[in-house]
Amino acid sequence: MQFYDLHIHSAFAEGESSLEQLAETAKSLGYKGICFSAYFSGDSQIKQLKEKIADVAKKIKIEIFLGFEARNIKDLEKLKNRRQKFDLLLVHGGDLELNKLACETPEVDLLTHPELERNDSGLNHILVKAAEKNNVAIEINFREVLLASKKTRGKILANLQKNVELAKKFGAKIVLCSGAISHFELKDPQVLASFATQIGMSLQDATNSISKIPQEILTENKKRLSNRWVMPGVEIVKEAKE
Amino acid sequence: MKPRLKILMPTLREKERYIKFKIFSEESVEYEDLESAIWNTFLDFYGESGVSKFSLWLIKNLWNPEEQTSIIKCNNNSVQEVVAGLGLISRLGDDRIIIKILGVSGTLRKLK
């Protein structure tokens with residue numbers, strides 16, 4: 001089975017480890033591909049990161065994708081306009097307004113940790129329905145649980161369970177990610193799948209959430225990067241003769 | 001000779017699973033650190049009542065300090081819980097670690 005981790009931060013984006021360290025560790029843990037998420041700071045950054053990623057991917061022989069994580073509405077607008085220049089568009093969840101906007105934006109691929117620093121789960125039936133309609137996946141972030149104190153871990157797990165329940169009911173996609181900022185925070189895919197079974201997913205669904213679903217998202221995005229792509233669900237199949 | 005209980009019939013016996021895992025860390029880790037980290041993490045996360053249902057046993061003589069691999073035993077209904085619990089261990093003493101699951105089997109022979 002081919003496993004993918006779609007949410008990793010390197011030293012380029014407030015992470016602790018280099019691209020090489022993360023890629024090497026991911027490969028030894030059995031990942032086929034990983035996606036580095038960066039925070040947008042300008043057009044020149046995209047080109048620079050793409051070059052660096054291509055070098056590391058070639059050296060370590062692992063698929064590496066470039067994602068940008070929008071931290072606010074302004075970021076999201078900027079990244080939406082440059083959507084065809086990178087592989088994945090992630091939205092840093094937690095803020096209710098941003099969660100809502102992410103679920104309603106078809107250009108977004110992944111809403112990361114919607115329950116971050118919240119008392120509620122950050123999603124309700126309306127937002128999950130919108131996420132399903134717009135093909136936005138909802139992330140289960142393992143790092144959030146890993147680093148939580150004993151006091152808050154229970155609350156985070158309850159919120160994750162709520163989101164899993166809603167996603168299952170309305171057919172929204174769930175993606176399991178390590179959310180690592182250091183190569184020591186990367187997790188074995190089997191560990192992530194087993195963890196997901198503890199918050200209400202079946203083992204089959206959990207395995208799909210780190211293999212089949214990320215693969216579908218990445219395939220969809222490869223189409224998006226081609227010249228034939230117009231908008232989600234619309235692409236040029238054949239050009240009319242004049 | 002002390003009286004011993006008659007062995008349960010195979011259908012009544014608990015089915016066991018062995019999970020083999022490897023530890024990646026900057027420096028090699030000690031068995032004692034691993035054992036205490038496993039028990040502390042499991043008791044914190046699942047509680048005493050939860051852990052009692054796993055039939056958990058870290059097999060000391062199968063700890064390989066050169067390869068940094070070990071085998072943990074549990075019952076067949078608790079494999080996912082045990083694997084998830086192993087993933088929650090991120091430090092042994094001062095060392096940061098990553099645990100990679102090498103295999104799960106019903107017999108030790110298949111894992112060796």
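**Entry 1: the sheet of chain A**

I note that the model is predicted: local features need pLDDT of at least 70, side-chain atom pairs count only at pLDDT 80 or more, and totals for chains, interfaces and linings use all residues. Residues are numbered from 1 along each chain as its sequence is written, while chains are lettered from A and ligands numbered from 1 in the order in which they are written.

For my terms, helices (H or I, at least four residues) and strands (E, at least two) are DSSP runs numbered from the N terminus. Two strands pair if DSSP finds at least two bridges between them.

I then looked up one pair within the sheet. Strand E3 (residues 63-70) and strand E4 (residues 88-92) of chain A pair in the parallel sense over four bridges. Opposite Glu69(A) stands Leu90(A) in E4(A). Axes are lines fitted to C-alpha atoms, for helices over the stretch in contact, and angles run from 0 to 180 degrees between N-to-C directions.

**Entry 2: two helices of chain A**

I examined helix H4 (residues 96-103) and helix H5 (residues 125-133) of chain A, whose axes come within 8 Å and cross at roughly 35 degrees. Asn99(A), Lys100(A) and Cys103(A) of H4(A) make the contact with Leu127(A), Ala130(A) and Ala131(A) of H5(A).

**Entry 3: chain B**

I counted three helices and five strands in chain B, in the sequence pattern β-α-β-β-α-β-β-α. The C-alpha trace of chain B spans about 50 × 30 × 30 Å along its principal axes. Strand E1 (residues 16-25) of chain B pairs in the antiparallel sense with strand E3 (residues 69-75) of chain B over seven bridges, and Tyr18(B) stands opposite Lys73(B) in E3(B). E1(B) also pairs in the antiparallel sense with strand E5 (residues 95-105) of chain B, over eight bridges. There, Phe21(B) has Ile101(B) as its bridge partner in E5(B).

**Entry 4: where the chains meet**

I found 15 residues of chain A in contact with 14 residues of chain B. Helix H8 (residues 189-197) of chain A supplies the largest share of chain A's side, five residues. That side divides into seven nonpolar, five polar and three charged residues. By class, Ala, Val, Leu, Ile, Met, Phe, Trp, Tyr, Cys and Pro count as nonpolar, Asp, Glu, Lys and Arg as charged, and the others, Gly among them, as polar.

H8(A) packs with helix H2 (residues 79-87) of chain B at an angle of about 120 degrees, the axes 8 Å apart. These two helices are therefore oblique to each other, since angles under 35 degrees count as roughly parallel, over 145 as roughly antiparallel, 65 to 115 as roughly perpendicular and the rest as oblique. The residues making the contact include Phe195(A) of H8(A) and Leu86(B) of H2(B). By class, the contact of H8(A) with H2(B) has five nonpolar, five polar and no charged residues.

Conventions:
Two residues are in contact if their C-beta atoms, placed from the backbone, lie within 7 Å.
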